Amino acid sequence: QIILNKKYTSTLKEKITCKFLTIEPKGFDSYQIDHVSRYIGFSNKDNILNVESSDRRFMMIKTVNDMANNVSYHTNIKGQMDDINMIRSAFKYYATKDISDYKPMIIPNTVYKAEQKMASLPYTLKFLYHYFEEHMVKDNYLEKQAEEIYTEYINWCVKMGNSTRVP
């Protein structure tokens, strides 16, 4: 799954950061246009993307499942989405919205995004975070030998159900 996450992340990053989009109509010469797309994605799974600690592209929000099985709620929303008057109203709103005072903002770092960053770390770094949280002592001094830490790493991998990662 991690390999797939990195594959999807790489593809999405390429699309997000490209400046031009190549259009290749059949029977005509290809040409480029400015790339101005924005992407919104949803998933039922955690850690679908590999989120690096220096990430500046993704805004991640975790939602609750309160309305997940509420058929009437979703039927109402679907009805609004299919209503031509609602579509016209939304189009008119966005087509005439004054954005001359628009001020770009830095994407907020949510708790969920921090969790995804941690989930995306290589397994050895996850262990080190766990280890230092458990074993740091007074004055930030760690009282363990490298061999002891290595043994605890192997035990931790097995405990976490990842014995395949044991070197």
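**Cores and ring pairs**

Biologist: Which residues make up the largest nonpolar core?

Modeller: Y123, F127, Y131, I149, Y153, W156 and C157, 7 residues in all. A nonpolar core is a set of buried Ala, Val, Leu, Ile, Met, Phe, Trp, Tyr and Cys residues joined through side-chain atoms within 4.5 Å. Buried means under 20% relative accessible area, exposed over 50%, partly exposed in between (1.4 Å probe, protein chains only).

Biologist: Which helix gives the most to this core?

Modeller: Helix 6, with 4 residues. Helices are DSSP runs of H or I, at least four residues, numbered from the N terminus. A second, separate core of 5 residues includes L49, V51, F58 and M60.

Biologist: What should I know about the model?

Modeller: This model is predicted; local features need pLDDT of at least 70, side-chain atom pairs count only at pLDDT 80 or more, and totals for chains, interfaces and linings use all residues. Residues are numbered from 1 along each chain as its sequence is written, and side-chain values use heavy atoms, with hydrogens and water left out.

Biologist: How many aromatic pairs are there?

Modeller: Rings of Phe, Tyr and Trp (its six-membered ring) pair if their centres lie within 6.5 Å; planes under 30 degrees apart are stacked, over 60 edge-to-face, the rest tilted. The count here is 3. Y93 and Y94 have ring centres 4.9 Å apart and planes at 80°, so they are edge-to-face.

Biologist: Is Y94 buried or exposed?

Modeller: Y94 is exposed, at 63% relative accessible area. Y93 is partly exposed at 46%.

Biologist: Which residues form one aromatic cluster?

Modeller: F127, Y153 and W156. F127 is buried, at 3% relative accessibility.

Note on methods: Helices (H or I, at least four residues) and strands (E, at least two) are DSSP runs, numbered from the N terminus.
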